Amino acid sequence: MQKSECRGDVQLRSRAPGNYNQRTPASPQIKHRTAVQRSKSSSAASSPESARKAHPRPSDKLNPKTINPFGEQTRAPSAFAAVYSKGGIPCRLVHGSVKHRLQWECPPANLPFDPLLITLAEGLRETKHPYTFVSKEGFRELLLVQDAPEKAVPLLPRLVPVLKAALAHSDDEVFERGVNALVQLSVVVGPSLNGHLKHLLTSLSKRLRDKKFKEPITSALQELEQHGGSECLIIIKAKIPTYCSICC
């Protein structure tokens with residue numbers, strides 16, 4: 001009797017539910033998923049792009065990215081960039097060993113100011129190379145031609161709002177280019193700028209609170225007074241009461 005009971009007990013244990021034979025089919029799938037996850041994580045960690053992000057090269061700081069006007073753009077180009085890429089600006093940047101310069105397709109004296117001068121003024125708001133250099137240097141050189149006053153004065157109603165946008169820009173370098181362009185224009189058109197000056201002085205007054213701009217803005221106001229005369233001084237004092245006249 002004892003032997004038969006032992007045999008029956010062994011048979012019941014072998015038929016009990018939850019044995020290892022029922023759980024083993026799931027284990028290969030789990031191993032496969034784990035292997036796939038490990039291979040993905042290892043490939044992502046070893047990719048060249050992730051390695052560059054983790055360890056930036058010294059040349060990335062020395063050679064910042066510049067705009068290729070003829071390459072594909074990730075976003076819509078600005079008005080100036082679009083005109084420049086299509087050859088609408090009759091000059092190109094020439095890289096020199098010491099400094100850059102512009103090469104004009106024809107002498108600037110033979111070029112019409114409308115709309116070229118306005119387009120160059122719009123480019124003052126650019127923040128990428130070569131647009132920054134082409135716009136500021138092109139604007140300056142165009143105003144140096146002999147008959148610049150009679151060509152520039154009729155464009156003031158359209159030119160002043162563009163300069164105002166540059167002076168109101170949040171970028172410091174854009175603002176500085178706007179100030180320089182305003183002084184260059186004042187030298188050329190003289191008192192003709194007085195009627196439009198009040199629209200430009202608000203931005204100068206706001207930036208005057210910044211210590212780093214106090215000296216260049218004061219110098220610019222003195223240039224405006226010198227070329228605009230006594231009427232210009234009245235306009236400046238109305239917007240910036242703290243301004244001290246060069247005649248004092």
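Q: Before angles, what are the axes fitted to, and what range do the angles run over?
A: Axes are lines fitted to C-alpha atoms, for helices over the stretch in contact. Angles run from 0 to 180 degrees between N-to-C directions. Keep in mind that this is a predicted model.

Q: OK, helix 7 and helix 10. How do their axes sit?
A: The axes of helix 7 and helix 10 (residues 156–167) come within 9 Å. They cross at roughly 10°.

Q: What does that make the pair, roughly parallel or roughly antiparallel?
A: Angles under 35 degrees count as roughly parallel, and helix 7 and helix 10 are therefore roughly parallel to each other.

Q: Which residues meet there?
A: From helix 7, D114, P115, L117, I118, A121 and E122. Helix 10 brings R158, L159, V162 and L163. By class, that contact has seven nonpolar, no polar and three charged residues.

Q: And helix 7 against helix 8? What's the crossing angle?
A: Roughly 140°, with the axes of helix 7 (residues 113–122) and helix 8 coming within 8 Å. That makes helix 7 oblique to helix 8.

Q: Left-handed or right-handed?
A: The crossing of helix 7 and helix 8 is left-handed. F113, L116, L117, L120 and A121 of helix 7 make the contact with V134, S135, G138, F139 and L142 of helix 8. Those residues divide into eight nonpolar, two polar and no charged.

Q: What lines the second largest pocket?
A: E126, T127, H129, T132, F133, K136, D171, E173 and R177. The elements giving two or more residues to this lining are helix 8 (131–142) and helix 11 (172–189).

Q: Which element gives the most?
A: Helix 8, with three residues.

Q: How does the lining split by class?
A: One nonpolar, three polar and five charged.

Q: How do helix 8 and helix 11 pack?
A: Their axes come within 10 Å and cross at roughly 15°. That makes helix 8 roughly parallel to helix 11. The crossing of helix 8 and helix 11 is left-handed.

Q: Which side chains are in that contact, by residue?
A: T132, K136, F139 and R140 in helix 8 meet R177, A181 and Q184 in helix 11. The contact of helix 8 with helix 11 has two nonpolar, two polar and three charged residues.

Notes
Residues numbered from 1 in each chain as written. Predicted model: local features only at pLDDT ≥ 70, side-chain atom pairs only at ≥ 80, totals over all residues. Heavy atoms only, no water. 1 Å grid on protein atoms, 1.4 Å probe; cavity = no way out; pocket = protein on both sides within 12 Å on 5 of 7 lines; lining within 4 Å. Helix = DSSP H or I, 4+ residues; strand = E, 2+ residues; numbered from the N terminus. Nonpolar A, V, L, I, M, F, W, Y, C, P; charged D, E, K, R; others polar. Parallel < 35°, antiparallel > 145°, perpendicular 65-115°, else oblique. Left-handed = near helix turned anticlockwise from the far one by under 90°. Contact = heavy atoms within 4.5 Å.
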